[in-house]
Amino acid sequence: MIETRYLTKHYKDVVALDNLNMKIEQGQVYGFIGPNGAGKTTTIKILSTLLKPTAGTATVCGYDVVRQGKHIRRHIGYMPDFFGVYEDMKVTEYLSFFAAAYRITGPEREARVKDILELTDLGDKADTFVESLSRGMQQRLGVARVLLHDPEVLLLDEPASGLDPRARIEIRALLKELGKMGKTILISSHILTELAEMCTHVGIIERGRLIAQGPIKEIMKQATRHNVIHVTLADRAAEAVEFLNSHEAVTQARQEDGGVIAVELNGKDSGPALVAELLVKNGYRIESLKRDEASLELAFMHLTKGIVS
Ligand SMILES: Nc1ncnc2c1ncn2[C@@H]1O[C@H](COP(=O)(O)OP(=O)(O)OP(=O)(O)O)[C@@H](O)[C@H]1O
Ligand SMILES: [Mg+2]
């Protein structure tokens with residue numbers, strides 16, 4: 001659906017994108033993560049056909065961003081990181097105005113605006129003046145605006161920035177909903193955890209290069225340095241620690257606060273299954289057992305360690 005190949009952008013002597021190779025398949029909700037100045041906005045602007053690359057290529061829905069921009073614009077909804085709102089316009093008028101710009105006319109326009117208001121949960125704000133909406137609602141209105149022409153691809157540049165926790169949760173829920181509707185969504189953010197639960201895939205960009213890309217689970221796995229399993233036993237914990245430490249597959253087992261045993265394994269796979277088997281076979285009774293998933297933030301720090309100054 002979206003593909004960049006050796007995409008490069010120079011602003012005079014600043015290299016904003018440096019041979020960026022990125023691929024997003026249909027239906028993916030792709031978190032585009034990177035620190036300030038990494039090149040997220042530059043990439044999104046090129047994909048939206050607003051900016052020309054210096055070198056390399058990019059396609060959206062199979063169309064080339066430089067040569068076939070007109071086709072692309074019909075299939076995408078682009079929400080910039082900053083967008084102005086119009087004064088003296090009510091929410092409904094605002095959306096009707098943009099629907100008209102997309103040549104949606106007559107009763108269809110009215111129906112479309114109504115549907116979108118509902119979808120974005122702005123129904124009760126239909127007659128409110130846009131400038132008096134809270135930032136969170138304006139942000140949702142921004143999403144509403146890019147949905148009017150029912151695009152297949154959404155390019156959203158930091159849709160959750162500047163929002164309070166509650167508004168963030170609301171916009172996340174909305175984006176999750178859009179993902180379920182089958183839209184292909186690229187969302188940028190510099191906070192990985194913000195996107196963790198709603199993305200299917202992530203790409204991490206650093207200084208104009210993609211340093212990691214893949215299903216969110218794999219990225220996390222890649223970032224997990226140790227394979228650690230947390231186990232709680234019904235009894236005989238100290239004895240179990242000693243037993244585990246004597247096993248060749250175990251690098252280290254120790255008892256942590258609250259009686260949880262942290263078991264670090266040599267191998268990378270089948271961790272929980274192996275630990276369960278060892279314990280059960282030797283008569284220990286397990287109350288709970290799970291892999292210690294590295295928090296995404298940790299994963300991010302690990303992946304970008306040494307790259308971000
Ligand atoms: N119009 C411009 N002229 C010159 N340099 C620019 C311009 N726009 C961006 N840059 C530079 O290009 C690099 C990438 O910027 P970009 O805005 O794409 O990053 P970003 O990942 O979106 O950052 P942020 O998280 O701050 O939004 C930065 O070094 C930035 O200073
Ligand atoms: Mg940006």
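A crossing of two helices is left-handed if the near helix is turned anticlockwise from the far one by less than a right angle, and right-handed if clockwise. In this structure, helix H3 passes H5 in a right-handed crossing.

The model is predicted: local features need pLDDT of at least 70, side-chain atom pairs count only at pLDDT 80 or more, and totals for chains, interfaces and linings use all residues. Residues are numbered from 1 along each chain as its sequence is written, and chains are lettered from A and ligands numbered from 1 in the order in which they are written. Helices (H or I, at least four residues) and strands (E, at least two) are DSSP runs, numbered from the N terminus.

An open sheet of 6 strands runs in the order E6-E7-E8-E3-E9-E10, with mixed pairing (two strands pair if DSSP finds at least two bridges between them). E6 and E10 are the edge strands, each pairing on one side only. Strands E3 and E8 run parallel and are joined by 5 bridges; within this pair, Tyr-30 has Leu-186 in E8 as its bridge partner.

Angles below run from 0 to 180 degrees between N-to-C directions, with axes as lines fitted to C-alpha atoms, for helices over the stretch in contact. Contact means C-beta atoms, placed from the backbone, within 7 Å.

| Helix | Residues | Strands | Angle |
|---|---|---|---|
| H5 | 135-147 | touches E6 and E7 | about 155° with E6 |
| H6 | 165-180 | lies across E3, E7 and E8 | about 150° to E8 |

H3 (residues 91-101) packs on H5 at about 30°, with the axes 9 Å apart.

Technical notes
Two residues are in contact if their C-beta atoms, placed from the backbone, lie within 7 Å.
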